[in-house]
Amino acid sequence: MSIDAKIPAGPLDKKWSSYKNTAKIISPANKRKFKIIIVGSGLAGASAAATLGEQGFNVECFCYQDSPRRAHSIAAQGGINAAKNYQNDGDSTFRLFYDTIKGGDFRAREANVYRLAEVSANIIDQCVAQGVPFAREYGGLLANRSFGGAQVSRTFYARGQTGQQLLIGAYQGLEAQVAAGTVKMHSRTEMLDLVLVDGHAKGIIVRDMVTGEIRAHAADTVLLCTGGYGNVFYLSTNAKGCNVTATYRAYKKGAYFANPCYTQIHPTCIPVSGDYQSKLTLMSESLRNDGRVWVPKRKEDCGKAPADIPEDARDYYLERKYPSYGNLAPRDISSRSAKEVCDEGRGVGPGGLGVYLDFGDAIKRLGQNVVAERYGNLFEMYENITGESAYERPMRIFPAVHYTMGGLWVDYNLMSNIPGLHVLGEANFSDHGANRLGASALMQGLADGYFVIPYTIGDYLNTQFGKAKPDVNSAPFQDALAAVKARTSQLLSIKGNRTVDSFHRELGHIMWDNCGMARTKESLTAAIDKIPKLREEFWKNVNVLGKGETLNQSLEKAGRVADFLEFGELLCRDALQRNESCGGHFRSEYQTPDGEALRDDEHYAHVACWKFEGENATPTRLEEPLSYETVKLATRSYK
Amino acid sequence: MNFTLRVWRQDGPTTAGRFEEYPAKNIPDEASFLEMLDIVNEELEKAGKESVQFDHDCREGICGMCSLTINGVPHGPGRGTTCQLYMRKFQDGDVITIEPFRVGAFPILRDLAVNRTALDKVIQAGGFITARTGSAPDANSVPIPKVVADESMDAAACIGCGACAAACPNSSAMLFVSAKAAHLGLLPQGKPESERRTVRMVRTMDDLGFGNCSNYYACEAVCPAGISASFIARLNRQYTSAAAREAVGATTI
């Protein structure tokens with residue numbers, strides 16, 4: 001079966017402009033006749049809703065939180081990349097494109113990534129116009145900082161709250177459209193299934209999380225902007241509510257799930273302190289601009305206070321191994337290096353699962369005031385959680401699951417293989433390859449919502465003129481509705497002995513131990529053996545109390561965990577089939593003599609697309625070859 | 001650590017609520033307040049009782065979803081959100097009272113979860129800068145003095161949790177409204193709609209049943225984002241002058 005990504009012809013730097021010149025446009029009078037469902041209200045969903053509403057489409061937007069402003073994009077701290085070259089340090093659209101392709105370990109699509117780099121500059125303009133208070137220099141111009149995986153300063157930021165400020169900008173745009181009547185917002189409403197009519201995505205089944213009502217919504221097209229699946233690991237930096245349900249349900253309706261094994265482990269998180277722990281807290285990567293990462297050279301020093309370990313007994317291992325990028329080595333490399341030194345027994349803190357991130361030199365060089373101005377809120381957060389001041393002793397950090405590069409497969413139009421189903425932001429797979437660079441998630445979410453989908457959605461909608469409008473009373477909707485109701489009743493009727501959380505934690509342990517920072521054929525085979533057993537036990541022994549007709553957080557969690565219990569297996573299968581190491585996917589069998597990821601471009605320079613084949617059947621793996629016309633595949637080196 | 005919790009339980013928006021007492025046993029002092037509630041909830045479920053429903057999401061102090069009043073104080077002791085409160089702040093054996101945010105404009109949905117859509121409605125009334133996607137000039141075309149950008153950012157840090165209204169004896173959302181008016185109104189991009197924004201947000205706030213400010217400053221004391229009550233003074237100045245000009249027909253809102 002061939003997979004057509006619909007990449008426009010022509011040279012790389014002309015593809016997007018020639019696409020726009022010839023894109024099919026919907027006239028203003030016709031726009032209001034099309035209804036668009038948007039699921040999710042993070043950067044991708046809110047920016048798409050605001051823009052499509054403003055263009056005159058009839059938009060309905062759904063989110064599980066109590067307000068669209070709470071989506072987890074809000075937690076992004078460090079910044080957003082854009083090829084503005086305001087620092088006159090040699091940045092360009094091509095350089096941002098190349099850094100992103102290289103950062104993704106040559107596993108992303110050239111045309112999509114180039115478009116992303118092209119529109120990055122428009123995003124900054126748009127955000128400033130809507131009142132995002134980015135950091136500025138005394139002269140009044142925008143400030144930039146550098147970020148992992150880049151040798152230029154192209155990251156725009158708003159203190160340590162960049163995601164919050166960008167999301168509030170998009171949220172305000174969305175609320176303006178709610179006021180204008182073009183967008184209808186459904187908060188505390190969770191999508192539980194996708195509805196297909198004659199093979200096209202034409203609606204969703206949702207549960208009102210307050211009244212418990214399960215109902216259908218129909219539209220001309222559906223946009224999933226539902227984020228990533230990091231919570232399959234239970235502990236991650238994602239919000240508690242982040243889940244795979246929307247994209248996994250779409251997968252079960254036939255959408256390809258692409259590269260699920262590409263998961264990103266962020267190097268700078270606060271280490272785990274106990275079993276009760278419900279989530280991991282990220283410390284922005286921007287801290288690595290001024291912080292130096294080290295562990296003791298000798299195991300025996302690990303128990304000592306950091307101040308008692310002299311300079312020559314410290315191993316600044318990133319600076320040693322990667323002299324040109326040093327502490328700013330990309331996330332996957334930094335995380336793996338931290339794991340290596342901890343595996344060698346040189347980790348610090350409880351359980352030896354931590355490394356130091358030291359600001360001592362920065363404080364000497366810049367003064368505590370400057371450090372506080374740059375990172376004050378992060379230092380406060382750290383002190384609040386750990387009870388230690390990072391001004392006085394180095395932070396302890398450890399890698400944690402943070403972002404997922406895999407997602408539903410989409411073509412150049414951001415449409416999946418199901419006609420009418422579009423997927424934006426972290427929920428799709430398209431731009432980050434096997435590893436995402438810092439400050440690029442915000443860029444992609446907003447690029448997709450503000451500047452890509454408003455141009456590409458016409459390609460599908462133009463084929464829908466004259467087609468009968470989908471009807472929620474028709475069989476496809478009523479069948480999907482009945483299935484969701486049956487599943488909900490089933491969850492409530494099991495009345496077993498184990499809580500939902502206990503299953504989620506156990507799944508998380510299986511995933512982290514077998515499919516975490518390093519994976520092997522044996523570990524993955526073991527996980528693929530264990531997960532179905534856990535899933536079976538879940539459906540026999542989970543205890544979901546309460547009723548379906550009220551706010552019931554146990555029921556919400558149960559539905560999400562049930563999907564994670566299937567999805568985790570798919571993730572492991574993808575990791576098992578990819579017999580190479582690339583980016584965030586590190587297979588211990590495939591490494592260079594000095595421990596770096598060893599790609600196999602001959603056999604794996606492709607996107608793995610998983611096709612659902614039925615309950616308990618093995619899914620089929622399809623391939624979209626990645627052809628590089630501009631970039632030469634190279635070994636990724638940050639030395 | 002061991003605690004006794006007095007928790008507000010309410011089955012639905014229209015039913016009467018009551019306090020129930022639960023033990024919280026063997027809680028690690030590194031646990032956050034919400035993790036302590038997770039542990040208690042898991043014990044409740046094991047005993048066949050429905051868990052306490054409470055809002056939370058990011059658990060890193062930024063999404064604004066968590067909304068507990070702890071021992072009478074929104075977000076409890078300390079400066080952060082409920083999710084950033086750690087059990088080491090309490091003494092072993094403490095009795096801890098947990099209630100929802102109590103604001104007329106935030107109806108209780110169940111147990112500790114409240115409906116804060118009123119805050120979204122205030123934003124709909126004018127809490128935005130009209131900037132059609134794609135129409136923006138180059139981001140550096142309007143220099144903004146650092147002090148102005150910084151002050152705007154101070155106001156923009158609001159997380160929209162509503163603790164200000166929950167702490168206020170008048171259930172006023174003035175701190176929330178003033179922060180938005182300042183965030184946008186201080187920036188050159190926000191000037192054209194500044195008066196209209198302020199007046200519309202204030203009037204919508206009144207219509208939604210929030211009270212007015214009478215200078216208790218309880219809002220500032222509980223604000224997890226450290227928003228200064230001086231923004232309220234700024235809001236009052238702007239509202240008064242705009243309303244006066246409107247009254248004499250000098251401007252149309």
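I count a residue as buried if 20 or more other C-beta atoms lie within 10 Å of its own, as exposed if 12 or fewer do, and as partly exposed in between, with C-beta atoms placed from the backbone. The model is predicted, so I take local features only at pLDDT of at least 70 and side-chain atom pairs only at pLDDT 80 or more, while totals for chains, interfaces and linings use all residues. I number residues from 1 along each chain as its sequence is written, and I letter chains from A and number ligands from 1 in the order in which they are written.

Entry: positive phi. Most residues other than glycine have a negative phi. I looked up two exceptions. A:Lys6 has a phi of about 55° and sits in the segment before helix H1 (15–22) of chain A. B:Ser171 has a phi near 50° and lies in the loop between helix H4 (163–167) and helix H5 (174–185) of chain B. Helices (H or I, at least four residues) and strands (E, at least two) are DSSP runs, numbered from the N terminus.

Entry: chain B overall. I find eight helices and seven strands in chain B. Its C-alpha atoms fill a box of roughly 65 × 40 × 35 Å along the principal axes. Of the 253 residues in chain B, 55% are buried.

Entry: chain B against chain A. I call two residues in contact if their C-beta atoms, placed from the backbone, lie within 7 Å. By this criterion 65 residues of chain B touch 64 residues of chain A. Elements giving two or more residues to the chain B side include strand S6 (108–110) and helix H3 (146–156) of chain B. H1(B) gives the largest share, seven residues.

Entry: a sheet in chain A. Which strands form the open sheet, and in what order? I read S6-S7-S8 of chain A, with antiparallel pairing; strands pair if DSSP finds at least two bridges between them. Strand S6 (189–197) and strand S8 (214–218) of chain A are the edges, each pairing on one side only. The twist averages 30° from one strand to the next. Five bridges join strand S7 (200–208) of chain A to S8(A), and A:Ile204 stands opposite A:His217 in S8(A). Helix H13 (475–493) of chain A packs on the sheet and touches S6, S7 and S8 of chain A. I note about 140° between the directions of H13(A) and S6(A), with axes fitted to C-alpha atoms, for helices over the stretch in contact, and angles running from 0 to 180 degrees between N-to-C directions.
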